[in-house]
Structure formats: structure tokens, C-alpha cells
Amino acid sequence: VQSCPIYERMVIMEQVKLSTGYKSIAIRDEDDDQVVTVLRINVADAQTADRFAHIIDQLNSISARCDVEMKEWKENHTDDQLTAGDTGDAIKVALDINSIRVKYLKEIIAALDELFGEDTIKNIYGDIVPDETALFEFVEQVIPVMNNLFGRRFEQVKKRYNTGRKGGRK
């Protein structure tokens, strides 16, 4: 039997256990209470709360951002193109306008996936682009959990690094 040098070094090696800061949030289906995905969030990352707040701002401003871009789109098209009597042209206009909205929704989905893990939104809603209502519902449900996780982290930090602490003693 051959010995493993790495294992032998690990046995005599000092060890330190640290919290990585990652916490899990189970997302359950409202109808059957089955877990559809698990989000992983790093509460030790000082930028996590800012990134989440930025996503909320993006959601809150999606309508205004779409309106601005739709106005620009309409300015670049003639009245004849916008009020075409042909059903095919009318559908094309509607699709062009909707694609602007979808673009902003995809940006928000990408930001949520970056924050909570790849395919977070796909795991919850399937292979679709959920609308603003679905994304708002998701964020509104996650906000209290995030507040709780970050509140606990803040309390841990406050307890560890209070002004009365001496050296390594707590």
C-alpha cells in the first residue's frame, strides 16, 4: 500500500475553519412546496448588498427606460410604418417594441443570475423571459431573507469587533 504524501501532510498540518460567507436560500414552488432551486449568496462580500440594490433600481426604472428607447425607436420610423394597415407590418411593429422590453428584462435576469448563481431565473421560471411582474415578485420575496442574512452578518461583525474586545478574547 502506497502512502499519500498530501494526506500525510494534512494530518500534521494545522487547520483553520473559516466561514466563507455563503448562505443558501431555498426557492419553493408556491403550488406543491417543492424546492425548484437553491440560491447561494455571499454575505461576506461587501458589494453583494449594493449589487442587489442596483437590481431593484433596474426593476423600478424598467418602464421609464423602455419608454425612452421606444420613443427613440418611434422617432426613427415614419408614421406610415407605425400605422401600417397590413397585419404583418403591425405585428412587426409590436414585436420591435416588445424586443426593447425583453432586452431590459434580460439585463435584469443576467444581473440576478450573476448575484445568485447561473440559471437562477431559468431554474425558477423555466426557459422563458419572465415579465416584470414575475421578477418583482421574486425580488420582493427575497428582500426580507436578504435583510435577515445581512442583519445577522452585521451583528456577528459588531460582536467580534466591538471596542471592548481585547486581543483574541471575546
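1. Lys-103 and Glu-69 form a salt bridge, with their closest N and O atoms 2.7 Å apart. The pair ties together distant parts of the chain: Lys-103 sits in helix H5 (residues 87–116) and Glu-69 in helix H3 (residues 62–75), 34 residues apart. A salt bridge here is a side-chain nitrogen of Lys or Arg within 4 Å of a carboxyl oxygen of Asp or Glu. Helices (H or I, at least four residues) and strands (E, at least two) are DSSP runs, numbered from the N terminus. Lys-103 is partly exposed because its relative accessible area is 36%. Glu-69 is partly exposed too, at 21%. The cut-offs: buried is under 20% relative accessible area, exposed is over 50%, partly exposed lies in between (1.4 Å probe, protein chains only).

2. This is a predicted model: local features need pLDDT of at least 70, side-chain atom pairs count only at pLDDT 80 or more, and totals for chains, interfaces and linings use all residues. Residues are numbered from 1 along each chain as its sequence is written, and side-chain values use heavy atoms, with hydrogens and water left out.

3. Mean pLDDT (the predictor's confidence in each residue, from 0 to 100) is 83 for the protein, and 79% of its residues reach 70 or more. Confidence is lowest in helix H1 (residues 5–12), at a mean of 61. Helix H6 (residues 120–125) is highest, at 95. Where pLDDT is low, the predicted coordinates should not be read in detail.

4. The whole structure holds four salt bridges. One of them joins the side chains of Glu-132 and Arg-101 (3.0 Å, N to O). Glu-132 is in helix H7 and Arg-101 in helix H5, 31 residues apart. Glu-132 is buried because its relative accessible area is 18%. Arg-101 counts as partly exposed, at 25%.

5. What does Glu-132 touch, not counting residues up to four places away in sequence? Leu-59, Ile-62, Arg-101 and Leu-105. Contact means heavy atoms within 4.5 Å. Helix H7 spans residues 132–160.

6. Asp-45 and Arg-51 also form a salt bridge, with the closest N and O atoms 3.5 Å apart. Asp-45 is partly exposed at 24% relative accessibility. Arg-51 is partly exposed as well, with a relative accessible area of 27%.

7. Strands S1 (residues 22–28) and S2 (residues 35–42) pair in the antiparallel sense over seven bridges. Pairing requires at least two DSSP bridges between the strands. Tyr-22 has Asn-42 in S2 as its bridge partner. The two strands form a hairpin with six residues between them. In the turn, Asp-33 has a positive phi of about 60 degrees.
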